[in-house]
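Thank you for coming, everyone. Please take a look at the structure on the screen, and I will then walk you through a few of its residues.

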Amino acid sequence: GKDFQQGTSLQTSLNYNILNSLTAAIWTNLRMENGFALTETDYSLQWRAITAGRAQASFGAVWYDRAAALGGETGELYAGADLNLPVKPSLYIYYEWHRHPGAYIEGSLSHHFQLPNYKGSVDLSGNLGFDVGRTDGFVNGKVSVGFTRFLGDWRLSPSVDLNFPAKDIDPLAHNFRPVFKFTASRSF
């Protein structure tokens, strides 16, 4: 969202595999500009299934506990598929049922290039999102370029996202808007 593209924030997540194919997660965003403020906490439950063609189907629900300035609480259901092909195409459909009912459709492509003699990869991705039922059209797009470095159990990933929202969604958007990120994660 727009809040995550302005200023500095600290984002945390905790994922717990209940079963091999069922995961519960909590994600938070803490704004660090002009004082600290917890602007969003998301609670999600996701079920994944692998099909015979090496595609992965996902179904889930997310409850967004957001600050009033970001639109308040809402919830959505989603379903999607990820194909195990070189550019990892995926298509997801999200349905918001609580605050502003309507659907959002997002398609994406991504690829991770392994580098010789480097414990990590160059990561490229892009996505396009469209709304159905509220604004009925293009909502946003994003191109992301990053590097991943593995250090023991840690994964370090600096990246830059180039966002281009629709002018109807963000009237001040005249071109790509870069968002710089640094992610550090560890598996236990």
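Strands here are DSSP runs of E with at least two residues, numbered from the N terminus. What you see is a predicted model, in which local features need pLDDT of at least 70 and side-chain atom pairs count only at pLDDT 80 or more, while totals for chains, interfaces and linings use all residues. Residues are numbered from 1 along each chain as its sequence is written, and side-chain values use heavy atoms, with hydrogens and water left out.

Let me begin with T23, which lies in strand β2, residues 22–31. Is T23 buried or exposed? T23 is buried, because its relative accessible area is 10%, and buried means under 20%, exposed over 50%, and partly exposed in between, with a 1.4 Å probe and protein chains only. The side chain of T23 makes a polar contact of 2.8 Å with that of N17 and another of 3.0 Å with that of R48; such a contact is a pair of N or O atoms within 3.5 Å, where, within protein, one must be able to donate a hydrogen and the other to accept it, and residues adjacent in sequence count only if both atoms are side-chain atoms.

Finally, F113, found in strand β7 (residues 102–114), counts as partly exposed because its relative accessibility is 39%.

Terms used: Helix = DSSP H or I, 4+ residues; strand = E, 2+ residues; numbered from the N terminus.
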